[in-house]
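Please open the structure in your viewer and keep the selection tool at hand. The tour moves from one selection to the next and says what is there.

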Amino acid sequence: MVTAVARYVYPRRRVLRWALQRAAWAAFGLLTDLNVIGRENLPKSGPLLVVANHFSFVDPALMVRVAPWPLEFVGGFRMPNAPALATLIPKLWGFYAVHRGAASMEALRAGEAVLTQGGVLGIYPEAGSWATVLRPARPGAAFLAARTGVPILPMGFDGVPNILPRLVRGERAPVTVRIGRPFGPFRATGRGRERREQLERIGHEIMGRIAELLPVEKRGRYSPDPGVREAARAFEAYPWDDAPEV
């Protein structure tokens with residue numbers, strides 16, 4: 001019988017990913033004015049769960065650009081907000097696909113196996129880039145954090161949605177990455193409704209840590225500004241609740 005660790009080997013696709021990471025360095029150097037704050041908070045190695053806000057289909061490439069370790073991803077099966085050509089790079093990199101709006105235990109098992117091997121796993125807790133303000137976390141990141149008890153590293157990405165509009169105008173977009181301090185570990189010891197509530201609290205803690213790394217007006221429901229919180233309510237509905245990805 002093949003174990004999960006043997007099935008989901010970490011790291012993988014080393015040569016191809018090395019080349020893609022070099023390409024990410026070049027692309028962000030050419031197309032953006034990139035500022036990375038908090039490099040001292042980057043752990044030397046895993047196990048580690050890396051979380052960030054998700055405002056653009058470009059976000060995974062930015063995480064690859066910043067990461068100093070071999071990086072795996074859990075991500076959406078489809079990329080509805082990305083140009084067709086942009087979907088090629090994630091396929092070349094390889095990621096464990098989540099079918100949004102449906103149970104995706106295979107991807108979560110893969111993520112857990114990566115972390116069990118001392119790996120580094122990137123995940124966007126909002127599970128989609130349909131808005132440019134923070135939304136509540138979906139259960140996946142909290143589930144992995146509670147199952148594995150690994151440290152969580154928060155990142156805040158600011159300015160990424162402006163890259164393509166600025167490029168059209170022949171300008172380089174200012175992009176800022178803020179890296180927070182690792183936090184955790186977390187455990188969820190309850191069952192049924194109690195466990196769901198525990199995971200929800202963990203999800204809110206994760207999003208709160210990401211919010212601290214973003215401008216106040218982009219923190220959505222996690223902003224101290226009541227007006228920002230109220231305006232963000234319009235974007236909190238999960239688009240795939242009634243139409244799961246297939």
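Begin by selecting Leu16, which has its place in helix H2 (residues 14-31); helices (H or I, at least four residues) and strands (E, at least two) are DSSP runs, numbered from the N terminus. This is a predicted model, in which local features need pLDDT of at least 70 and side-chain atom pairs count only at pLDDT 80 or more, while totals for chains, interfaces and linings use all residues. Residues are numbered from 1 along each chain as its sequence is written, and side-chain values use heavy atoms, with hydrogens and water left out.

Leu16 counts as partly exposed because its relative accessibility is 36%; buried means under 20% relative accessible area, exposed over 50%, and partly exposed in between (1.4 Å probe, protein chains only).

**Moving to a buried residue**

Next, select Met63, which is found in helix H3 (residues 59-66). Met63 is buried, because its relative accessible area is 0%. Leaving aside neighbours within four places in sequence, Met63 is in contact (heavy atoms within 4.5 Å) with several residues, among them Val50, Leu71, Tyr124 and Phe157.

**Ending at strand E7**

Val177 in E7 is the bridge partner of Phe157. Select the whole of strand E7 (residues 173-179), where 5 of the 7 residues are buried. Strand E6 (residues 152-158) pairs with E7 in the antiparallel sense over 4 bridges, whereas strand E1 (residues 32-37) pairs with E7 in the parallel sense over 6 bridges; two strands pair if DSSP finds at least two bridges between them.
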